[in-house]
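Let's take a walk through this model together. Have the structure open and follow along.

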Amino acid sequence: MDKHDGGDPGALRVNDPWQDAAEAGLWFPDQTAPDPAPGRTRPEGTPQAGQDGRPVDRSAVYLEVQGSAAFQEVRDRYRSFTFPVVAGFLAWYLLYVVAATTAPGLMGHQVAGDVNVAMVAGLAQFATTFLLTWAYARHARLRRDRAALDLRWTLATRTGQERVR
């Protein structure tokens, strides 16, 4: 058990960064959220207003974070996974459609009993979809989620949107 909040002692709490962000009130600032997760407090020296007492210019903060190396890395990790996967899956799908229309003899070839090549390829499309969904979720969890949450936390603290109780 990673964390225990004093609730049901039999409940298992998985160390989920998105759950921690939700508990800190980062997703829906207008709604009441439970107390922030441990360690989720405003960093020292981070004012809600600018140094001169005026509100922070949020658009400038967003543009600064967008230009940061951390943001570029998260975006590059996302693109380096999704673009090749989408291109590969689109090619695989188009191959299936083209083969079905131009090579009906090949697609109608019996594999086992009443099962033909077209049926096997069609079912493989579904299997590929589920496999890619799993791979995307795993890639996001292992390669992007923590960095994206760090960026979100940076934005929240710099713009004064985080909840501190």
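At roughly what angle do the axes of helix α3 and helix α5 cross? The axes of α3 (residues 69–102) and α5 (residues 117–159) cross at roughly 175 degrees and come within 10 Å. That makes α3 roughly antiparallel to α5, a label used for angles over 145 degrees. Axes here are lines fitted to C-alpha atoms, for helices over the stretch in contact, with angles running from 0 to 180 degrees between N-to-C directions. By class, the α3 contact with α5 has 19 nonpolar residues, 6 polar and 3 charged; Ala, Val, Leu, Ile, Met, Phe, Trp, Tyr, Cys and Pro count as nonpolar, Asp, Glu, Lys and Arg as charged, and the others, Gly among them, as polar.

A word on the ground rules. This is a predicted model, where local features need pLDDT of at least 70 and side-chain atom pairs count only at pLDDT 80 or more, while totals for chains, interfaces and linings use all residues. Residues are numbered from 1 along each chain as its sequence is written, and side-chain values use heavy atoms, with hydrogens and water left out.

Now step back to the whole chain. There are 5 helices and 2 strands, in the order α-α-α-α-β-β-α along the sequence; helices (H or I, at least four residues) and strands (E, at least two) are DSSP runs, numbered from the N terminus. Of the chain's 165 residues, 21% count as buried, meaning under 20% relative accessible area, with exposed over 50% and partly exposed in between (1.4 Å probe, protein chains only).

Next, the nonpolar core, a set of buried Ala, Val, Leu, Ile, Met, Phe, Trp, Tyr and Cys residues joined through side-chain atoms within 4.5 Å. The largest one has 5 residues: V61, V65, V74, L151 and L155. Two or more of them come from each of α2 (58–66) and α5. Pick out V65: leaving aside residues up to four places away in sequence, V65 touches F71, L151, T154, L155 and R158, where contact means heavy atoms within 4.5 Å.

Back on α3, find R77 and E73, which sit 4 residues apart, about one turn of the helix. Their side chains meet in a salt bridge (2.4 Å, N to O), defined as a side-chain nitrogen of Lys or Arg within 4 Å of a carboxyl oxygen of Asp or Glu. A search of the whole structure finds 1 salt bridge. R77 counts as partly exposed at 22% relative accessibility, and E73 does too, at 41%.

Terms used
Angles under 35 degrees count as roughly parallel, over 145 as roughly antiparallel, 65 to 115 as roughly perpendicular and the rest as oblique.
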